[in-house]
Structures are given as structure tokens and as C-alpha cells.
Amino acid sequence: MVVESEPGTVVGPGTAGAVREARPGRGRRVASAALTGSAALLVLSALLAPADLDRFTAAAFLRIPVEGLLFALLLLVLPPRARGPVASLGGVLLGLLLVVKVADIGFDLVLYRPFDLVLDWPLLVPAVDYVDVTAGRFAAVAAVVGTVLLIGAVVLLTARSVLRLGRRAAAHRVGVTRALVAVAVLWVGFAAPGVGFEPGVPVASRSAAAFVGDHARAVRLGLRDREAFAAEASTDAFRDVPADELLTSLRGKDVVLAFVESYGRSAVEDPALAPVVGAALDDGTRRLAAAGYAARSAYLTSPTAGGGSWLAQATLLSGLWVDNQQRYRTLVSSDRLTLNGAFRRAGWRSVGVVPGITRAWPEGEFFRHHRIYAADDLGYRGPRFGYATMPDQYALSAFQERERQPGHEPVVAVVPLLSSHAPWTPLPTRLPWEDVGDGAVFADVAAGEEPPDAVLGRDPDVVRADYARSVAYTVDTVVSYVETYGDDDTVLVFLGDHQPAQVVTGDGASRDVPITVVTRDASLLARTDPWGWTDGLTPAPDAPVRPMDAFRDQFLTAFR
């Protein structure tokens, strides 16, 4: 019997079952081809993906990776017994390569530099703390667990993808060999300099090998950095200077050294930020002049950007370039003379007002303060404002109440201020100083409607506007503190610790931060004449720029 099926198809006895069996087989072949294609796409993406978000273009993925060609050739010539383990190992390494690329992108967005495989692991702890404070403990735990699972999934997927491609290549050795030869010829043909779909992105790619080489060099430098730092720290022109020869021109003065969080050069010069921050600086210059104060400003180049405030603070106080956690730990285990330590040696009372410290801080002993006021020591009873444990106005008010009462001995205070820390919302409003009290009053003066964890998901223009307002708030608060509590014996030095994240500055921003000295004593300000700084709170575009680690010696020399 003959059965008519579709037009032009004849199905005889026993054939229908074969057709039914062929259809699932065809489906499996299609699924297998899709899996193989997906594996190839993942491998190519891992090899070709840039480690800089700004370089993510279509041309970046329209390239031929020589590393993939060479590894495919290796798998073809290996004996079957070795092929599987080598493919799996290659896949694991490729997965780790992709993870490091993602880490580079994240670090570049925040800290303006790639991830350092030797020195940057300790920075992950502050990152988790930031999520904990701004989004809650559950979000912090979820972020850690999710990151670990995602890394494991990426490594597993790349390993299985390379293993699958290796098996398929071995099963079609002749065809794959011919394809590899053809692609290799194309790679050689495109290897001439400048051949690519866009400038700087050659079709003949060696980017994965170059990426590994760059990180390998960074690892070597990181491993040698401890010895290099020890050599730098061994020289100190002020180590043995007697107490009676230190800071003689500042005797009897109260010196406040305030770090303004994320106050960078962009705040002064970026057209989108400068109108708000510049207005606060200009207004502060006028108000201080009316109160009899003069100011001079310039720029310092910070060792960090986007974060790592403690590295900048350690750099300025120690006179050593502290741009990673290994250097920081080495420094705080040493007996290096800090700027505030020089004041203490010369007879000042030294205090640290550090509202950002919320747990044990053994490193604080290195700074040789007579007293450290951490967050819990300042008596604040109001709400948090984003990351900041308390408004800058409260921190300065608490310092005034505890250390500058009538008859106090001369004091030097190091005060890292936090109100301009990301996420820059909500923001407190400055109050009359007599109303600050224990800070409970700030519960009614929060400005801003965005939740504190909303930075990456918000409109960048809104984030930048919030940032500018937060810096303006801190500038206004610091100026108001001097107006209210300053006198002839007050010297204020305030500066930024680092630039904000690239969501604010954009790509290519410098690491410069403004620094300002304020005093009523004309003779003191005259000592800074050789510095060439700009009059007022706003540094001129051509104001001097010096590395932040040069300031300690510059200051101690000028006021010796």
C-alpha cells in the first residue's frame, strides 16, 4: 500500500515511523549546532572584549584573535587523551581572563585605573561596606554571593565551551584544519598596521595576549613595590628635626586640616559643575574677606581617584606616595613622621575627627593623635545622609565643643568630611550653629528625593547636579565654621582627597584636587609667596600643581 503524504512525497509501508524518528534527530542536530555556535560566540567574546567600557564598539568584536587560532591548532595536534584536560584548563583560564576584564571595567569606572591582581584585593572590603551602608546588609550579602556565583558560572561556561569546541574540531579535523588555515591567512593579510574597521582596533587581534602581558607586568611591579616603598620611606629630611625648630611661625595657632570628600578639579573647572561649586567658592572668598581672612589656593595631584580617601590622607600627612593598600599597611606599621605628628612633637595637641570610622581602627595609632573621635565618639543623634554618618556641620560643631573651648591648648585637627561622599543624596541643609545640638534637628532638613543607593541607575545629569550641590554645601559649611568660630589664631587648610567617580567627571579627568590655606595672619600667608598660589578659594586654571606627597615638606619648610 502506498500512502500520499505532502505533495511530491510518497510514503511506503514502514516509512512513517522512520520519518517520525528523523524529526527528533534533526531537532537534536539543530540544538547541537546552536550550542556549538553559542560556545564559539562566548569564546570569541571573551578573547575580544575590551577591558574599557569606552572601547565597546562593534569593531572591537569584528576581529580575528590570534590566541584563538593558536589554541585551536594546539587542540588539533594533541593526542586525544590530552585534548580534554588541556581544553578544560584553557577554558578556565579564559573564564578568569573575562572576569579580570570585567574587574578592570569596574575599577576604571570608579578609580580610573585597571584592577591590580596583587594590591587591590583589600579594596573589595570598603566596596562591600559601601553597599551595606547605602543599600542595606541584605543587598551587601546578596552582592557578595551573587558575584561569587557569577564568577563560578562564567568560568564553568567558558570551560565547557572550549571543551565542546575542542571535541567538535577533533570530530571534523580535516574541515576545521582547512578553515583554520584560511582564517590564519586572513589574519596575516590584515596584520599590517592600521588595518581595521576603526582607528586603533586592528582586525588582526593580539589584544588578549597584550592584556595578559600588561597584568603580568603589573603583578611583577606589585610584588616589588614593598621594597621600592621602603627605599622611598628611608629618606626623611624632618625625621630628626628638634621640636623647638618645627613649625615655629605657627606657635599658638589652632590648625584645622580638613579633607573634603571627592572635591576634585572637575568641581572647579567642569562647565556642568563649576557654576554651582564656583558660586560657593566665590561667595566664601567674599565672606572670609569681610571677616578679615585671606586665602590662597592651588592644586595637588592625588594618588587615587573615585575612592580610597585614606590613601590620599596618608599621602598628604606622611609625605610619601601611598597609592595602594600594601603601601598603606607598610606605612602605618612604620615610625614615619606625619604632618600632625610634627605638630605634636612641637607641642600641639593633635586630634583626629573621623566620622567615617565606625569600627575598630588600629591603624589610627600610627597618626599619633592624642585623641581620635570616631563616629560613636561624637555623640550624633540624627539620621545618616547617604554614606555620611553625620553632616559635616555636626562634625565641625562637635570638634569645636570638645576641643576649642575657652582656654584650650593649641590644637591641630585632621578632619575628613563626608557629606560630599557618593551617592550625594540626600543632603543636609546648613543650620544656625547654635541649633545643631546633638544633631537630632537634622532629621527635618534632608534635601533630595532619591534613595541613597541610587547612583548607577540614575540620570547622570542628576547625579552630577547632586554632586555639585554636596561640594557646595561642604564649602559653605567650612566657610561658615571659620566665620563663626575662627579668630586671629585660626589657620584652616582644606583640600579634596580625590576626584569623584567617572559618572561625574567623564573620561580622561586628571587626578588633581584643589587645596586652600585660610588665615587672618598676613605674615603667615606671606610665607606661602614662593608657592605662587592663587588668591581666594578658587585656584586659577594655571595655578601650580604639585604631587600630594610633596605638601608635607613644603608646609614644614614654609612654617619652620
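**Reading a helix, a strand and a residue**

Tutor: Please keep in mind that this is a predicted model. Helix α14, residues 392–403, has 12 residues and reaches 16 Å from its first C-alpha to its last, which is close to the 16 Å expected at 1.5 Å a residue.

Student: How many of the 12 residues of α14 are buried?

Tutor: A residue counts as buried when its relative accessible area is under 20%. In α14 this holds for 10 of the 12 residues, and the helix is mostly covered; among the buried ones are Y394, L396 and F399.

Student: Which elements do the buried residues of α14 pack against?

Tutor: They pack against the strands β7 (254–260), β9 (349–354), β10 (371–374) and β11 (411–417), and also against helix α15 (460–485).

Student: Which residues are buried on each side of strand β15?

Tutor: On one side D512, P514, T516 and V518 are buried, and on the other V513, I515, V517 and T519 are, so that both faces are covered. Strand β8 (residues 294–301) pairs with β15 in the antiparallel sense over eight bridges, with A294 standing opposite T519. Strand β14 (residues 490–496) also pairs with β15 in the antiparallel sense, over five bridges, and here L492 stands opposite V518.

Student: Why does T315 count as buried?

Tutor: T315 counts as buried because its relative accessibility is 0%. This residue lies in helix α11 (residues 309–318), and its side chain reaches the backbone nitrogen of V322 at 3.0 Å. Leaving aside residues up to four places away in sequence, T315 touches P303, L320, W321, V322, M548 and D549.

Notes: Residues numbered from 1 in each chain as written. Predicted model: local features only at pLDDT ≥ 70, side-chain atom pairs only at ≥ 80, totals over all residues. Heavy atoms only, no water. Helix = DSSP H or I, 4+ residues; strand = E, 2+ residues; numbered from the N terminus. Buried < 20%, exposed > 50% of the residue type's maximum accessible area, 1.4 Å probe, protein only. Polar contact = N/O pair within 3.5 Å; in protein donor to acceptor, adjacent residues only side chain to side chain. Contact = heavy atoms within 4.5 Å. Expected span 1.5 Å × (residues − 1). Pairing = 2+ DSSP bridges.
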